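Please go through the chain below with its domains in mind.

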Amino acid sequence: MENIQNRRIRIFDTTLRDGEQAPGASLYPEEKIRIARQLAKMGVDTIEPGFPISSPGDFQAVQQISRELHNVEICGFARAMKADIDAAVRATQDAAQRRIHMFLSSSDIHLDFQLRKSRQQVVEMARSMVAYAKQFVDRIEFSPMDATRTGDEFLFEVLEAVIAEGATILNIPDTVGYALPEEYGNMFRRVRQSVRGGDTVEYSAHCHNDLGLAVANSLAAIAAGVTHVEVTVNGVGERAGNCSLEELVMAIETRKMTMGVETGIITSEVFNTSKMVSRIMGFPIAYNKPIVGRNAFQHEAGIHQDGLLKNRSTYEIMDPEKLGIPRSMIILGKHSGRHALKHRVGQFGVELTAEELDALYTRFKEKADEQKIVTDDQLMELVGATVEGHMEAFTLTHVHVVSSSDRERIASVSVRNNETGEEQAFSGSGEGPIEAIVQSLSQAMPMNVVFSDLELHSLSTGEKATGEAEVTISVNGETFKNTGIDQDILVAIAKAYVSACNQAARVQRQSEAGATASSAS
Ligand code: KIV
Ligand code: ZN
């Protein structure tokens with residue numbers, strides 16, 4: 001069962017079923033369909049889009065996803081009950097590839113307190129419902145719920161019964177996130193060796209993260225020969241969540257030589273998918289979340305920044321660009337050194353003498369002590385003050401916003417065009433203050449700016465907390481993202497917007513300079 005080279009691990013995504021069971025994560029059918037399209041684009045092998053009997057909305061989502069996505073297997077989820085199976089069979093009727101996933105508790109705790117059934121009754125239910133489902137669909141996955149607290153004897157009995165009735169995939173879930181990696185892996189080894197028919201079926205792992213072990217347990221299951229792993233994007237799910245898709249996939253991708261396995265996931269779609277799920281579910285991603293967290297590829301310590309600038313692999317084991325993550329590895333803060341500062345201003349085409357760099361460094365450290373990070377625009381302001389000039393195309397000189405609970409919001413802004421020296425005022429309105437700010441600022445920019453995304457964070461606590469806004473815009477189809485920091489979050493948004501426009505102007509200037517140079521040569 002072990003040491004098979006490059007075994008293909010099938011990624012079973014249950015973001016839309018188990019993930020959606022996370023408190024507050026429920027999705028509308030249209031949202032499920034959008035996420036399912038992205039999951040298919042990312043290359044998952046199976047999608048479990050919902051629980052068809054649970055609501056008309058879930059039924060409709062599973063049905064529409066089955067009708068639309070033909071390059072991925074669709075799984076209909078059901079309790080071991082005829083009505084559930086009928087609904088799952090009907091909802092997945094038009095899928096090009098499908099399976100029915102049926103579950104029934106097997107631990108004594110669940111039998112005694114939840115199902116109030118005897119072991120014999122449970123075996124009978126499992127047997128008869130697998131036989132019932134098998135009339136309609138060939139691929140039947142069976143999950144003995146709370147398997148890791150069931151004990152071998154009864155677990156084997158249930159599994160033998162369902163194999164005998166035609167179950168083709170055994171998913172053995174760690175429903176309550178209780179198992180340790182070695183235990184979980186060994187459980188699959190014992191099942192395969194001891195259960196009658198155990199070597200005729202496929203195996204699937206399904207781990208919850210109550211002890212933070214969902215990924216480790218899933219990897220242990222893979223090492224024990226499992227070929228399907230059930231995961232959710234961003235690890236969303238009941239309580240502490242499920243095995244995180246991005247963490248599992250990147251553990252396999254990064255260590256595939258050691259593990260001898262691979263997945264079919266298109267890693268460049270991982271970040272987009274994570275963002276989409278986080279946005280639609282309204283679940284923020286922790287800064288330090290592996291792979292997709294904002295800090296996952298960012299470095300602030302001077303010694304790390306110095307190493308990275310010499311060679312990326314000194315402190316990074318994955319290339320964020322391969323995950324579709326825009327590269328911004330160096331965060332300028334109070335731990336940053338001169339080397340990182342020189343490198344960052346160099347990226348803006350600024351070359352400083354040793355004295356200028358020293359002067360900039362002193363100013364930079366003062367700013368970094370005041371607030372946690374120094375944004376690119378602030379850095380360029382400091383450069384401007386040091387070398388007495390303006391480094392950026394536009395400077396936001398004034399923002400005024402009028403908000404009210406029942407009237408249109410109004411904003412006025414003043415922006416200086418540093419090339420012409422001209423300062424102009426603009427005003428705009430909107431249903432919310434952000435719309436009003438964006439409306440007024442867009443008039444100030446000599447380019448067609450599409451406001452596409454906004455993230456807000458608090459950088460400190462208490463009444464005097466500083467707000468950080470990250471604004472993403474697109475100009476001529478190219479995306480620019482920048483940050484603004486201010487005690488007033490609306491001002492931070494305006495600053496971030498102008499910074500993103502400055503980035504776009506810089507790129508525009510560089511491409512114009514390139515075009516002039518090539519026409520001159
Ligand atoms: O965690 C669990 O046991 C489940 C099953 C029903 C597969 O989600
Ligand atoms: Zn689960």
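## Domain interface and charged pairs

Domain 2 and domain 3 together bury about 790 Å², with 51% of it on carbon and sulfur atoms. Buried area here is the accessible area (1.4 Å probe) that two parts lose on being put together, summed over both. On the domain 2 side, F348, T375 and D377 lose the most area to domain 3, together 48% of what that side buries.

The model is predicted: local features need pLDDT of at least 70, side-chain atom pairs count only at pLDDT 80 or more, and totals for chains, interfaces and linings use all residues. Residues are numbered from 1 along each chain as its sequence is written, chains are lettered from A and ligands numbered from 1 in the order in which they are written, and side-chain values use heavy atoms, with hydrogens and water left out.

The domain bounds come from an automatic or database domain assignment.

| Domain | Residues |
|---|---|
| domain 1 | 7-281 |
| domain 2 | 302-387 |
| domain 3 | 394-520 |

The C-alpha centres of domain 2 and domain 3 lie 22 Å apart. Eight residues from domain 2 and eight residues from domain 3 make the contact (heavy atoms within 4.5 Å).

What polar links cross this interface? The rule finds two residue pairs in polar contact, both at pLDDT 80 or more. A polar contact is a pair of N or O atoms within 3.5 Å; within protein, one must be able to donate a hydrogen and the other to accept it, and residues adjacent in sequence count only if both atoms are side-chain atoms. Salt bridges between domain 2 and domain 3 number zero.

UniProt, in an unreviewed entry, places "domain: Pyruvate carboxyltransferase" at residues 9-271. Such annotations may be inferred rather than shown by experiment. That stretch is 43% helix and 17% strand.

Definitions and conventions. A salt bridge is a side-chain nitrogen of Lys or Arg within 4 Å of a carboxyl oxygen of Asp or Glu. Helices (H or I, at least four residues) and strands (E, at least two) are DSSP runs, numbered from the N terminus.
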